[in-house]
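Biologist: I am new to this structure. Please show me how to read its features, one at a time.

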Amino acid sequence: MIYLDNSATTKPKKEVLDTFVKVNEQFYANPASLHELGNQAEDLLETARSQLKELLHMEKIIFTSGGTEANNLALIGTARNYQHRGKHIITSETEHPSVLKSVAALESEGFEITRLPVGNFGEINIDKLKNSLRNDTILVSLMHVNNEIGTVHPIAEIAHLLKKRRIFFHVDAVQSVGKLQFDPTAMPNLLSISGHKIHGLKGSGVLAYTGVELQAIQYGGGQESALRSGTVSVPNAVALAKALRLTEPNPLYNQWNQELRQFFSEFAGIKIVSPENGASYILSVAVKGLKGEILVSGLQKESVIVSTSSACSSKNSQASPVIRAIGLPREFKDGVIRISFGELTTEQDIQALKKAFQRVYRMIKGV
Ligand SMILES: Cc1ncc(COP(=O)(O)O)c(C=O)c1O
């Protein structure tokens, strides 16, 4: 199988799996226990935490079960903690459901939410963001890279802007960490990451934060500074640090992206959905008058795995909220497919995709 659905998830690297198994075998004690084995597990956990702080340029780390939990804690934990300052939060229309549904929950608690519209390539307008800032704005939450079409938001610029206004900034970096460079001098206050998007493990993630205090959203034994109660999975934490240390974006992403853009532009009735200046490892295209599912299943028969849009919405028959937000013409809306590269993608995979697509397209269109 040629796997080109790395935005949905990535294959764990062997070294990461080995680390996970080894830590489970040797350091299985509860890191909160007082005995020697507990201390050893705790030491390992703290080493992983220090490595992540350094790699992410952030001061504090909370281990979570993934990006979804990190996003929930970032938004709800910050909003509830600073509601005395104001109850206005800004986000965009194209965020991941874990952000959109967290802000919807906050709305029902009395917070006011501004959802910034986006342009045809998923880009936000910085002037619109500036004009939306109010005296009672406490938090802005924007993703770094859009998971469906690859739009990159200028987070360093926004971080500078918000710092001046003393407004907290949360970035969902699930699709960018380990792939794009961050400016260490312009980091947001809160950063969500997920293990399974960087050839790590599902069920592992981190909320990294600096210069902000959170209120807990789950209660129990008080682990993770009482912000994320529950026995910490040391093997998951260590494996996540390992996965992040090992990330090495392929220098060919950009070349493949350009090559595929050229390839798809030669078909009549195919529109490139992803922005030219987006993340090179995500390429979404739309085929006029066709259902994306038909292409996905046709390609699967040729042993090539791609997806319609996000994994979260790919089983819904309706166009995803992102596709609706970018205003794709009606005849293209249902025909979106997303091709996403990972570190294990090869040149042969790209050539196989092109050949398979040609065959499937011809067969479906009868040309
Ligand atoms: C941008 C973005 N944020 C958050 C998530 C959720 O991460 P997880 O699957 O680790 O909960 C995803 C996963 O698809 C994502 O793409």
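Modeller: Start with glycine 67. In this predicted model, a polar backbone atom of glycine 67 is 2.8 Å from an oxygen atom of the ligand.

Biologist: Which atoms does serine 194 bring to the ligand?

Modeller: An N or O atom in the serine 194 side chain lies 2.7 Å from a ligand oxygen atom. Aspartate 172 also takes part: a polar atom of its side chain is 2.6 Å from a nitrogen atom of the ligand.

Biologist: How much of the ligand's accessible area does the protein cover?

Modeller: On its own, the ligand has 390 Å² of accessible area, and the protein covers 87% of that.

Biologist: Which residues come nearest to the ligand?

Modeller: There are 13 residues around the ligand, and Thr68, Asp172, Gln175, Ser194 and Lys197 come nearest. By class, the shell has nine polar, two nonpolar and two charged residues. Helix α3, residues 67-81, gives the most to this shell: three residues.

Biologist: Now the helices. How are two packed helices described?

Modeller: By the angle between their axes and the distance between those axes. Here, helix α8 (residues 253-265) packs with helix α12 (residues 347-365) at about 10°, and their axes are 11 Å apart.

Biologist: Why are α8 and α12 called roughly parallel?

Modeller: Angles under 35 degrees count as roughly parallel, so α8 and α12 qualify. Their contact includes Trp256 and Phe263 of α8, and Ile350 and Phe357 of α12. By class, this contact of α8 with α12 has seven nonpolar, three polar and three charged residues.

Technical notes:
Residues numbered from 1 in each chain as written. Predicted model: local features only at pLDDT ≥ 70, side-chain atom pairs only at ≥ 80, totals over all residues. Heavy atoms only, no water. Near = heavy atom within 4 Å. Polar contact = N/O pair within 3.5 Å; in protein donor to acceptor, adjacent residues only side chain to side chain. Areas by Shrake-Rupley, 256 points an atom, 1.4 Å probe, with all protein chains shown as cover. Helix = DSSP H or I, 4+ residues; strand = E, 2+ residues; numbered from the N terminus. Nonpolar A, V, L, I, M, F, W, Y, C, P; charged D, E, K, R; others polar. Axes fitted to C-alpha atoms, helices over the stretch in contact; angles between N-to-C directions. Parallel < 35°, antiparallel > 145°, perpendicular 65-115°, else oblique. Contact = heavy atoms within 4.5 Å.
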